[in-house]
Amino acid sequence: MPPPELPVYEQPICPGDGYIWTPGYWAWDDDYYWVPGTWVEAPEVGFFWTPAYWGWEGSSFVFYDGYWGPTIGFYGGINYGFGYFGHGFDGGRWDHGHFFYNRAVANINVNIIHNVYDTKVENVTETRVSFNGGNGGINARPTAQEQAAANERHIPPVAAQTEHIQAARSNQQLRASVNHGKPPIAATPKPGAFTDHAAVAAKEGTPYNATANREANGNGNGAARTADNGAARPATPIHPKDLPPAERPAAPNTGNPDLDKKYQKQQDKLQQKQDQERQKLQQKQDRDHARQAKNADDKAQQQLEQKHQQQTQQLQQKHTQQQQQLQQRQAPPAAAPRPAAPARPH
């Protein structure tokens, strides 16, 4: 089933110099949920944000996560507004190490931020369709510049954005089945600031019914899956981010405080190492997707996903074995059997 239409909302005022707008979008976790748009500090000078988007791939909707890079890449031709009108970005530009904001697009307090300009953006097509391809989707393909951008160095969503997504996922009010396409928190001034007085609610939203939407779209019953760093979590993990959180064993309790402390240090060290390996593999797979053009054929994408799935499963098995081996080493030795008492003479 396709994602709901994009809601209509106002952009919160920019909280400070160096923040770049990242538009809201519908993510997936057994149901579509809204990830509010928010202002995020760029991880590097000269980097822009390429928004996430959904695309129909013939049998399912595939989620392409957003990323940071020196050039705006393809984001499905989706009109997210606020400078992201389908291709490129008209909300600001970098100049000599400083980000300049386009007042005609961005909500800026000029008494605080002085590096601004004013360029009107004309001929913007008004549409709230939130996916590319398929029945009723945006009919757009990447330009030569956007294809080249896919092969540049990218940075995945920063930690603040990841936490922002997780907070949205856990907020039931942001589920499409609850808010019916009109989320009560449509945008925030900073990542995770859901209770901030500057957070805004959607002004308009198209009523959303999953069953009716699926039947009207006619795209079949394909399940959502993830192509990059998205929030969709398939039943069979494809990427490290699809794996459930690593289980944390209970604290050792052998009755020997010094020994328990030693075991806990070993456990913490292993967990830290495994977290780093998950992150490293995820970054490697993200680079694989970046090198593969967005318009690669289905067969090439399927082969890459199969390769990633195998890598992820191998990593998961390795970590499970490591955890089991550590617990076996930490298990207290079995007590030696007590010798039987000598038989007493009758």
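**Note on the predicted model**

1. Surface and burial. The accessible surface of the protein comes to about 18300 Å², and 49% of that surface belongs to carbon and sulfur atoms. The coordinates are those of a predicted model. The protein has 346 residues, of which 46% count as buried.

2. Secondary structure and contacts. Six helices and 16 strands make up the list of elements in the protein. Taking contacts between residues at least 6 apart in sequence, 66% join residues at least 24 apart.

3. Salt bridges in general. Side chains of opposite charge can pair when their charged atoms come close. In this structure there are five salt bridges.

4. Lys-203 and Glu-10. These two side chains meet in a salt bridge, with an N to O distance of 3.7 Å. The pair links distant parts of the chain, 193 residues apart: Lys-203 sits in the loop between strand S15 (187–188) and helix H4 (210–217), whereas Glu-10 belongs to the segment before strand S1 (19–22). Lys-203 is partly exposed, at a relative accessible area of 48%. For Glu-10 the relative accessible area is 48%, and this residue is partly exposed.

5. Arg-175 and Asp-29. A salt bridge also joins the side chains of Arg-175 and Asp-29, at 3.5 Å from N to O. Arg-175 counts as buried because its relative accessible area is 8%, under the 20% limit. Asp-29, at 22% relative accessibility, counts as partly exposed.

6. Arg-128 and Glu-204. The closest N and O atoms of this salt bridge are 3.8 Å apart. Arg-128 lies in the loop between strand S13 (116–117) and strand S14 (131–132), and Glu-204 in the loop between S15 and H4; the pair links distant parts of the chain, 76 residues apart. Arg-128 is partly exposed, with a relative accessible area of 24%. Glu-204 is partly exposed as well, with a value of 45%.

7. Rolling a probe the size of a water molecule over the atoms shows where empty space is left. The structure holds three cavities of 30 Å³ or more. The largest cavity contains about 110 Å³ of space. Its lining has 14 residues, and the closest to the centre are Thr-22, Tyr-25, Val-35, Trp-49 and Gln-161. Strand S4 (37–41) and H2 are the elements that give two or more residues to this lining. H2 gives the most, with three residues. By class, the lining of the largest cavity is made up of seven nonpolar, six polar and one charged residues.

8. Glu-44. This residue is found in the loop between S4 and strand S5 (48–50). Glu-44 is partly exposed, with a relative accessible area of 30%. Leaving aside residues up to four places away in sequence, Glu-44 touches Trp-94, Arg-153 and Ile-155. The C-alpha atoms of Glu-44 and Trp-68 are separated by 8.6 Å, and the two residues are 24 apart along the chain.

9. Lys-273. Helix H5 (residues 257–291) holds Lys-273. At 43% relative accessibility, Lys-273 counts as partly exposed. From C-alpha to C-alpha, Lys-273 and His-319 are 9.8 Å apart in space, with a separation of 46 residues in sequence.

10. Backbone angles at two histidines. Most residues other than glycine have a negative phi, and most peptide bonds are trans. His-96 has a positive phi of about 55° although it is not a glycine. His-96 lies in the loop between strand S11 (92–95) and strand S12 (98–102). With 78% relative accessibility, His-96 counts as exposed. A positive phi of about 55° is also found at His-180, again a residue that is not a glycine. His-180 is placed in the loop between H3 and S15. The relative accessible area of His-180 is 43%, and this residue is partly exposed.

Technical notes. Residues are numbered from 1 along each chain as its sequence is written. This is a predicted model: local features need pLDDT of at least 70, side-chain atom pairs count only at pLDDT 80 or more; totals for chains, interfaces and linings use all residues. Side-chain values use heavy atoms; hydrogens and water are left out. A salt bridge is a side-chain nitrogen of Lys or Arg within 4 Å of a carboxyl oxygen of Asp or Glu. Helices (H or I, at least four residues) and strands (E, at least two) are DSSP runs, numbered from the N terminus. Buried means under 20% relative accessible area, exposed over 50%, partly exposed in between (1.4 Å probe, protein chains only). On a 1 Å grid over the protein atoms alone, a cavity is a set of points where a 1.4 Å probe fits but cannot get out, and a pocket is an open set with protein on both sides within 12 Å along at least five of seven lines; lining residues have an atom within 4 Å of a point. Grid points are joined across faces, edges and corners, and a volume is the space filled by probe spheres set on the points. Ala, Val, Leu, Ile, Met, Phe, Trp, Tyr, Cys and Pro count as nonpolar, Asp, Glu, Lys and Arg as charged, and the others, Gly among them, as polar. Contact means heavy atoms within 4.5 Å. Accessible areas come from the Shrake-Rupley method with a 1.4 Å probe; for residues, only the protein chains shown count as cover.
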